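Please read it beside the coordinates.

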Amino acid sequence: MPVVIDQMSEEPIYRQIRAQVIEAIATGELSPGDPLPSVRSLARDLGVNLHTVNKAYAVLRDEGYLTMRGRSGSFVADADGAPARHLSAEQDQLMARELLRLAVAYRARGGSEQGFVEEAARQARAAYGVGESLAKGDGTDEC
């Protein structure tokens, strides 16, 4: 699973790593039990501080996506064995806030409610394997 960091992005590097690991799990590129690169090796490969990678892995662990096995490393968690991965009220609230943030930004750029809902539905279909790959727009934004 190659991780690509955008040094020019306003999104923190640990969040970029987190998002790419979650996408790899969602698309089946990573399966339960698969090992992730060690913190040191990924930090070295990306040219970032090892604490940045450690933070990304810790967040993924806390969210239930990864399990840590001492010196053995980090592994993709088994969905059945990781109750933290099931949607909780807190995770629902986080998702709702993020969707609102995205909707407000879309509206500020001149997009319509219908346009946002259509794009959200297209991305949901992509996330669940029905349609185009994730985050590839078709250039038809209303903005």
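**Notes on the predicted model**

1. T67 is partly exposed, with a relative accessible area of 29%; the classes used here are buried for under 20% relative accessible area, exposed for over 50% and partly exposed in between, with a 1.4 Å probe and protein chains only. T67 belongs to strand β1, residues 66-68. Leaving out residues up to four places away in sequence, T67 touches G73, S74, F75 and A77, where contact means heavy atoms within 4.5 Å. Between T67 and Y57, ten residues apart along the chain, the C-alpha separation is 9.2 Å.

2. On the basis of these values: the model is predicted, so local features need pLDDT of at least 70 and side-chain atom pairs count only at pLDDT 80 or more, while totals for chains, interfaces and linings use all residues. Residues are numbered from 1 along each chain as its sequence is written, and side-chain values use heavy atoms, with hydrogens and water left out.

3. The protein chain has five helices and two strands, in the order α-α-α-β-β-α-α from the N terminus. Helices (H or I, at least four residues) and strands (E, at least two) are DSSP runs, numbered from the N terminus. Of the 143 residues in the protein chain, 24% are buried. Among contacts with a separation of 6 or more, 42% join residues 24 or more positions apart.

4. S74 lies in strand β2 and is buried, at a relative accessible area of 7%. Not counting residues up to four places away in sequence, its contacts are D34, P35, L36, Y57, L66, T67 and M68. Y57 in turn contacts L36, P37, V39, L42, L66, M68 and S74, leaving aside neighbours within four places in sequence.

5. Which residues touch the most other members of the largest nonpolar core? They are I17, V21, V53 and Y57, in a core of 20 residues. Helices α1 (13-26), α2 and α3 each supply at least two residues of this core, and α1 gives the largest share, five residues. A nonpolar core is here a set of buried Ala, Val, Leu, Ile, Met, Phe, Trp, Tyr and Cys residues joined through side-chain atoms within 4.5 Å. In soluble globular proteins, nonpolar side chains tend to be buried together.

6. The buried residues of α2 are V39, S41, L42, A43 and L46, and they pack against α1 and α3. Just after α2, G47 takes a positive phi of about 70°.

7. In helix α1, A19 counts as partly exposed, at 33% relative accessibility. A19 and A56 are 37 residues apart in sequence, with 9.2 Å between their C-alpha atoms.

8. The C-alpha atoms of L30 and M1 are separated by 7.6 Å, although the two are 29 residues apart along the chain.

9. The second largest pocket holds about 250 Å³ of space. Its lining has 15 residues, with S38, V39, R40, G73 and S74 nearest the centre of the pocket. Elements giving two or more residues to this lining are α2 (39-46), α3 (50-62) and β2 (74-76); α3 gives the largest share, three residues. A pocket is an open set of points on a 1 Å grid over the protein atoms alone, where a 1.4 Å probe fits, with protein on both sides within 12 Å along at least five of seven lines; lining residues have an atom within 4 Å of a point. Grid points are joined across faces, edges and corners, and the volume is the space filled by probe spheres set on the points.

10. By type, the lining of the second largest pocket divides into eight nonpolar, five polar and two charged residues. Ala, Val, Leu, Ile, Met, Phe, Trp, Tyr, Cys and Pro count as nonpolar, Asp, Glu, Lys and Arg as charged, and the others, Gly among them, as polar.

11. Helix α4, residues 89-108, has 20 residues and reaches 28 Å from its first C-alpha to its last. This is close to the 28 Å expected at 1.5 Å a residue, the expected span being 1.5 Å times one less than the number of residues. G110 follows α4 and has a positive phi, near 95°.
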